[in-house]
Amino acid sequence: FLVEAVDPVSLEPVAEGEAELLLTCLFRVASPILRFRTHDRVEVVPPGSYADGVPQRGLRVGSIGRWDDMVKIRGNNVWPGQLDEALLGADDVADYLAEVHLDDRGVEQLTVVVRLHGGRHGDPARASDLSKAVKARTNVRPTVTFDPDLPPPDLKPKRLIDRRTR
């Protein structure tokens, strides 16, 4: 594989600072060369930046983040659009706010607060149905609660918020 660190907008190589990881598979014979945008955020560090003084340029990877809106929850890739389909696709849901956080044991949890049309209050059966709908699309079962006073969204709301500490 050819590993490149590129600017996520221009796709030009980055010499130092934040970049997107781009992979090119070189081992396939007689097949087209494909470049894969990972959308993973990496940090390009100059030669000698590591404690052992290695004279090569390096990449810091791991929990730096992503360039897109995808969030990984318990090993599952979750995109905001999946939550929109599961929740806003329901006739009675006006809006929602989802948060990823760590519980007391350090386990990742997804909680969703839903506002129903007409300021109605939801019941446990409806919460269970919405939780199952999210699970079917994301493979993550959230805790669903209802809040008729959930404020309306901005023009382009951010409905999936990552509250985990890095």
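Which residues are linked with D95 in a network of salt bridges? I shall answer that after a brief introduction to the model, which is a predicted one.

The protein has 166 residues, of which 31% count as buried. It contains 2 helices and 10 strands, and along the sequence these follow the pattern β-β-β-β-β-β-α-β-β-α-β-β. Among contacts with a separation of 6 or more, 49% join residues 24 or more positions apart. The accessible surface is about 10,400 Å², and carbon and sulfur atoms contribute 53% of it.

To return to the opening question, the network links D84, D95 and R159. Within it, the side chains of R159 and D95 meet in a salt bridge at 2.6 Å, N to O. R159 lies in the loop between β9 and β10, whereas D95 belongs to strand β7, so this pair ties together parts that are 64 residues apart in sequence. Are these two partners buried or exposed? R159 counts as buried, at 18% relative accessibility, and D95 is buried as well, with a relative accessible area of 3%.

In one, R41 pairs with E18, the closest N and O atoms being 2.8 Å apart. Since R41 is in strand β3 and E18 in strand β2, the bridge ties together parts that are 23 residues apart in sequence. R41 is partly exposed at 21% relative accessibility, and E18 is partly exposed at 45%. In the other, R37 meets E20, with an N to O distance of 2.8 Å. R37 lies in strand β3 and E20 in strand β2, so here the parts tied together are 17 residues apart in sequence. R37 is partly exposed at 37% relative accessibility, while E20 is buried at 0%.

Next, helix α1, which spans residues 80–88 and has Q82, L83, A86 and L87 as buried residues. Viewed down the helix axis, the buried residues fall within an arc of 110°, so they line one face of α1. Their cover includes β6, β7, β8, α2 and β10.

Strand β6 also holds N76, which counts as buried at 17% relative accessibility. The N76 side chain makes a polar contact of 3.2 Å with the side chain of N139. Beyond its neighbours within four places in sequence, N76 is in contact with V71, T138, N139 and V140.

Finally, the surface. F1, V3 and F27 make a nonpolar patch of about 360 Å². Of these, V3 is found in strand β1 and is partly exposed, at 46% relative accessibility.

Conventions
Residues numbered from 1 in each chain as written. Predicted model: local features only at pLDDT ≥ 70, side-chain atom pairs only at ≥ 80, totals over all residues. Heavy atoms only, no water. Buried < 20%, exposed > 50% of the residue type's maximum accessible area, 1.4 Å probe, protein only. Helix = DSSP H or I, 4+ residues; strand = E, 2+ residues; numbered from the N terminus. Arc of directions from axis to C-beta. Contact = heavy atoms within 4.5 Å. Patch = residues over 30% accessible without salt bridge, like charges linked within 9 Å, V, L, I, M, F, W, Y side chains within 5 Å. Areas by Shrake-Rupley, 256 points an atom, 1.4 Å probe, with all protein chains shown as cover. Salt bridge = Lys/Arg side-chain N within 4 Å of Asp/Glu carboxyl O. Polar contact = N/O pair within 3.5 Å; in protein donor to acceptor, adjacent residues only side chain to side chain.
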